[in-house]
Amino acid sequence: MKRCSLVALSLAACLPLFACSDDGDGGGGAAGGNAGSAGSAGSAGHGGSAGAAGSAGDAGSAGDAGSAGSAGHSGSAGTGATGGGGSGGGPWSPPGCPRCPDPAPLTQPAGNVEVTLVPNPGVGRGPTLVSFGAPFPRGAVAEAALVRVMSEGRELPSKITELARWRSLTDGAQPGALRAALVQVEVDVSEITRLTLEWGTRSTETLDTSASAFDAWLPISAGEDPTEYPAAAAIHEPPVYAVFPAAWLSDAGLRSFTAPVGQVASLSGYDTSFVGSARTAVNDLDPRVTARIDVTEYEPWLFDRAMTLWSVYARTGDVKWLRHAHRATQFYAAHVGGDGTFDLRAGDLKYAYGQSMFVALMLTGDTRLLPKIEAVATAQTSWDPLYRAEMNFWTERHQAYALLGALSAWEATGAASHASRAREIVEASLTRIQSPVEGWANDDCILHQNSDHEGVSTHEPVCSPWMSALLTDAVWRYYIHARDEASLEVLAALSRFVVRHGLYDGSGEGVAHPVPYYLSSSVYQFTDGGAWADWEHTCDVAGLVAKGIWASRALGDDTAALEGGLSGLLAGCTAVLDYWHRPAGPASGLAEWRLSPPRKFNWWFGTTADLPYFLR
């Protein structure tokens with residue numbers, strides 16, 4: 001089977017395709033110290049989704065301010081002919097690898113989506129200028145002028161301004177690919193109001209305004225949950241939130257492609273924990289619960305708390321989670337220092353994230369976040385992605401956040417320097433997977449010395465299954481924008497590593513499921529306190545293997561062993577989430593959905609919010 005060589009990251013000859021330091025805060029500062037085939041004849045597989053026939057959208061949870069879910073987008077029934085999501089509903093085929101499957105949902109050149117405007121308390125009656133960001137799935141809209149705002153069948157005067165474009169990491173700007181636009185329109189929002197965004201017809205009604213998206217933002221003390229952050233944090237928010245249906249947000253690929261909560265029956269337990277744990281993370285608790293998470297401390301932010309909350313909004317379409325995600329991002333951005341790192345943990349690259357700020361820019365139009373996104377990417381350039389034995393520190397986690405920093409800055413700006421940095425990190429990852437240092441055997445992971453990972457005195461070759469889950473999350477996001485075989489190879493290899501060398505039987509310690517080692521290789525295995533500690537990472541490692549199965553199928557590889565590994569990990573994930581559910585907790589002053597430590601919310605659900613995409 002012919003595959004692209006590593007050195008040919010130009011991807012000139014790709015294989016023809018058929019129709020895997022601890023959870024704590026130690027280790028390293030800024031100095032470095034189905035599954036379906038690729039879309040044949042309308043297959044329902046992920047590579048070639050048949051295109052939603054105008055999903056009815058979420059019924060909507062009650063949320064804050066009594067918000068209701070909206071009626072999903074009405075796009076035409078997709079043809080499902082060959083994978084999804086290029087300009088105007090056709091597949092996007094990047095140069096050099098024309099049949100690398102496109103994971104994007106199919107889109108159409110014309111359609112509409114309902115948006116629900118939810119005012120904060122105190123917003124007055126009468127015409128109000130409302131500004132909000134509107135995300136679009138890849139390939140739906142060519143330019144901002146082809147978007148218009150409709151109410152009861154008539155077009156409203158509006159100003160539509162491009163915020164971001166879908167781009168290709170392999171061929172620059174992709175034609176016909178508006179990703180997000182700032183929508184400004186005057187409406188009466190004294191109560192919940194529904195508008196329709198139409199795309200495909202040129203707007204003829206123009207609103208003359210020079211106001212920015214954030215001119216009218218208010219302190220959160222004027223809104224719902226006014227004490228979520230202390231007044232000293234000076235968090236502001238829009239007077240009106242614009243809420244999109246979960247089906248639309250899932251297709252828009254804010255972090256990855258996913259599916260609304262409750263849509264995949266096999267993940268019902270996961271989804272219940274997903275939302276329940278999110279409530280604990282934001283202190284939305286039974287009044288009898290006395291313990292609260294202190295979000296002004298650095299610990300709850302590890303593994304990107306704000307981005308995890310954006311994932312909850314993407315899967316629920318509930319204004320409650322839009323509000324929490326927006327506020328979390330504003331708090332985080334306010335603490336991005338001049339060096340591009342989180343000043344509550346200054347200089348520590350594993351707390352330096354750009355993703356949540358880019359999503360906030362797309363959904364609110366807050367362009368003040370751009371220099372913060374660039375600063376994070378600049379800070380992450382101090383990380384050397386090509387592991388060498390003489391290094392004193394190296395982890396897959398830092399590799400992941402270096403890649404995400406570059407990707408977020410590239411997605412926001414399109415700058416070639418960020419694209420080049422992202423490609424460098426993926427290339428370095430594949431190099432070390434295929435060519436380990438020190439003559440070590442190829443274990444399908446980025447082998448590095450135990451001493452470099454843990455700061456111990458021994459030098460066994462190791463990889464971290466759960467930190468590799470962070471890396472696969474970043475590489476998957478890279479693949480969405482690059483459609484290259486190199487990233488498929490990384491995803492497939494890391495999943496093979498986990499299934500072959502990264503799992504052990506926990507039944508001897510009373511855990512009746514496979515659990516991931518803390519560190520492992522073909523010659524060395526290490527647990528972090530045994531099975532009861534290691535099984536905490538079954539969910540995120542399951543997400544790694546799910547992505548690897550998708551990539552392996554694209555490469556034409558046998559996935560039977562990987563599927564068996566995923567089955568065991570999903571069972572373990574369900575068990576661990578159930579174990580941490582405490583229905584009787586509030587009667588004793590304890591949270592129903594336990595998060596100890598608080599960062600667990602982010603590692604459980606941050607890289608796994610797209611599990612429904614891979615399992616539906």
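Biologist: Which residues does Ser158 touch, not counting residues up to four places away in sequence?
Modeller: Ser158 touches Val149, Gln184, Val185, Ser203, Glu205, Thr206 and Leu207. Contact here means heavy atoms within 4.5 Å. Bear in mind that this is a predicted model, where local features need pLDDT of at least 70, side-chain atom pairs count only at pLDDT 80 or more, and totals for chains, interfaces and linings use all residues. Residues are numbered from 1 along each chain as its sequence is written, and side-chain values use heavy atoms, with hydrogens and water left out.

Biologist: Thanks! Is Ser158 buried or exposed?
Modeller: Ser158 is buried, at a relative accessible area of 5%. Buried means under 20%, exposed over 50% and partly exposed in between, using a 1.4 Å probe and protein chains only.

Biologist: And which strand is Ser158 in?
Modeller: Ser158 belongs to strand β5, residues 158-168. Strands (E, at least two residues) and helices (H or I, at least four) are DSSP runs, numbered from the N terminus.

Biologist: Let's switch to sheets. In what order do the five strands of the open sheet come?
Modeller: The order is β4-β3-β7-β1-β10, with antiparallel pairing. At the edges sit β4 (154-156) and β10 (240-243), each pairing on one side only. From one strand to the next, the twist averages 40°. Two strands count as paired if DSSP finds at least two bridges between them.

Biologist: How many bridges pair β3 with β7?
Modeller: Four bridges, in the antiparallel sense, link β3 (residues 147-151) and β7 (residues 193-199). In β7, Glu198 is the bridge partner of Arg148, and Trp199 is that of Val147.

Biologist: What about β3 and β4, how many bridges there?
Modeller: Three bridges join these antiparallel strands, and Ser151 has Arg154 of β4 as its bridge partner. β3 and β4 make a hairpin with two residues between them, and Glu152 in the turn has a positive phi of about 50°.

Biologist: Which β3 residues are on each side?
Modeller: Val147, Val149 and Ser151 are on one side, Arg148 and Met150 on the other, and all are buried. Since five of the five residues of β3 are buried, β3 is largely enclosed by the rest of the structure.

Biologist: Which helix lies across β1 and β10?
Modeller: That's α4 (residues 319-334), which runs at about 120° to β10. Axes are lines fitted to C-alpha atoms, for helices over the stretch in contact, and angles run from 0 to 180 degrees between N-to-C directions.

Biologist: New topic: why is α13 said to be largely enclosed?
Modeller: Because 16 of the 17 residues of α13 are buried. The expected span is 1.5 Å times one less than the number of residues. Just after α13, Gly556 takes a positive phi of about 80°.

Biologist: And how many residues of α11 are buried?
Modeller: In α11, 14 of the 17 residues are buried, so this helix is also largely enclosed by the rest of the structure. Helix α11 spans residues 485-501.
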